[in-house]
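Me: I am new to this structure and would like to learn how to read it. Could you take me through some features step by step?

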Amino acid sequence: MPEKTLDVFSHITTIAFVGPAGTGKSHRAQVVAAKVGAQYIIDDGLIIYKGTIVCGRSAKSENNKVSAIRRAIFDYDEHRIIARNFLQDIPPCTILIIATSKRMLQIITKRLSLPAPSKYIRIENVSSPREISEARRERCYKGLHVIPVSHLIVQKNFAGKVLGQLKDIWQFATEDSDDKSIVKPPFSFNGTLKIEKEAIYQLTDHITKTLYQVISVNNIHIETHDGESIIVEVSIVAKIGDFSLRKLAEEVKKRVFMSLSYFTGLDVKRVSVVIVEVKI
């Protein structure tokens, strides 16, 4: 499916709803959206309208944390294109974007061609310290997450465990809790995730050497692009074999790209392969 445009959608106004992970943003989303007159909510990869998922896929349906983060910021091409095309076709409206930081907001608005938020609302402005503390406890100790959608709809779009409606579980349930669901993803958001460059070097080196025509790997250079993706350059010593040298370089490029993307979940922008020596 092609992308319709890269221009900013001027018919849409955005409002930001910001707060650390696990502080109850999704719990409060519908109330906040109603107060600011937002017709749509963007939350964890989903576009929601009146408690119904109208586009996207939930980050909480992913099997690991890296994939969940990429899903939440619309990093996957097909996911982003479908969402962007949907947003272009809707009438003028206001969208509430839920994010953990301003940086996350910038990434989402840029990828979906949305204008910068006209207003920022923090979770501390709409929830008491006690409610935020309770939300953190449910997240940290029980691994529970809120999706601002009816549990009947969530069951059709979620790969983890759907525990039921918010009113059945949450101590601070409100009158609109029928339209919220409690889920337990198949992974944990707790803690931090960091992939060291050395791990990327080792994986690239191993994958490259699986081709018998690669005698050795002379150098691997990795650089971060735009703070969001990586570029990999590999220099190899090769020998004559079944693959032509051009075909060999293409095969190394393909295998490294697919392996890094799959095993690390990183956005691999480009892989370049240079054959610096050929031995017969």
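Me: Is Asp-77 buried, partly exposed or exposed?

Reply: Welcome! This is a predicted model, where local features need pLDDT of at least 70, side-chain atom pairs count only at pLDDT 80 or more, and totals for chains, interfaces and linings use all residues. Residues are numbered from 1 along each chain as its sequence is written, and side-chain values use heavy atoms, with hydrogens and water left out. Now the term: buried means under 20% relative accessible area, exposed over 50%, and partly exposed in between (1.4 Å probe, protein chains only). Asp-77 is partly exposed, because its relative accessibility is 48%.

Me: Which residue forms a salt bridge with Asp-77?

Reply: The general idea comes first. Side chains of opposite charge can pair when their charged atoms come close. A salt bridge here is a side-chain nitrogen of Lys or Arg within 4 Å of a carboxyl oxygen of Asp or Glu. The partner of Asp-77 is Arg-80, with the closest N and O atoms 2.6 Å apart. Arg-80 counts as buried, at 14% relative accessibility.

Me: Why are Asp-77 and Arg-80 separated by about one helical turn?

Reply: An α-helix has 3.6 residues a turn, so residues three or four places apart point the same way. Helices (H or I, at least four residues) and strands (E, at least two) are DSSP runs, numbered from the N terminus. Asp-77 and Arg-80 are about one turn apart because they lie 3 residues from each other in helix H3 (residues 77-89).

Me: How many salt bridges does the structure hold?

Reply: There are 8. One of them joins Lys-209 and Asp-205, whose closest N and O atoms are 3.2 Å apart. Salt bridges with shared partners also tie Arg-70, Asp-75 and Arg-111 into one network. Asp-75 is buried at 8% relative accessibility, and Arg-70 is buried at 13%.

Me: Where helix H2 is concerned, how many of its residues are buried?

Reply: In H2 (residues 65-72), 7 of the 8 residues are buried, so the helix is largely enclosed by the rest of the structure. Among them are Lys-65, Val-66 and Arg-71. To see what covers a residue, look for contacts, meaning heavy atoms within 4.5 Å. The cover of the buried H2 residues includes H3, helix H4 (102-111) and H9. Just after H2, Phe-74 takes a positive phi of about 55°.

Me: How many aromatic pairs are there?

Reply: A pair of aromatic rings is described by the distance of the centres and the angle of the planes. Rings of Phe, Tyr and Trp (its six-membered ring) pair if their centres lie within 6.5 Å; planes under 30 degrees apart count as stacked, over 60 as edge-to-face and the rest as tilted. A search of the whole structure gives 2 pairs. Tyr-40 and Tyr-49 make a tilted pair, 4.8 Å centre to centre with 35° between the planes. Tyr-40 and Phe-86 make an edge-to-face pair, at 6.2 Å and 75°. This pair links distant parts of the chain, since Tyr-40 is in strand E2 (residues 40-43) and Phe-86 in helix H3, 46 residues apart. Together, ring pairs link Tyr-40, Tyr-49 and Phe-86 into a cluster.
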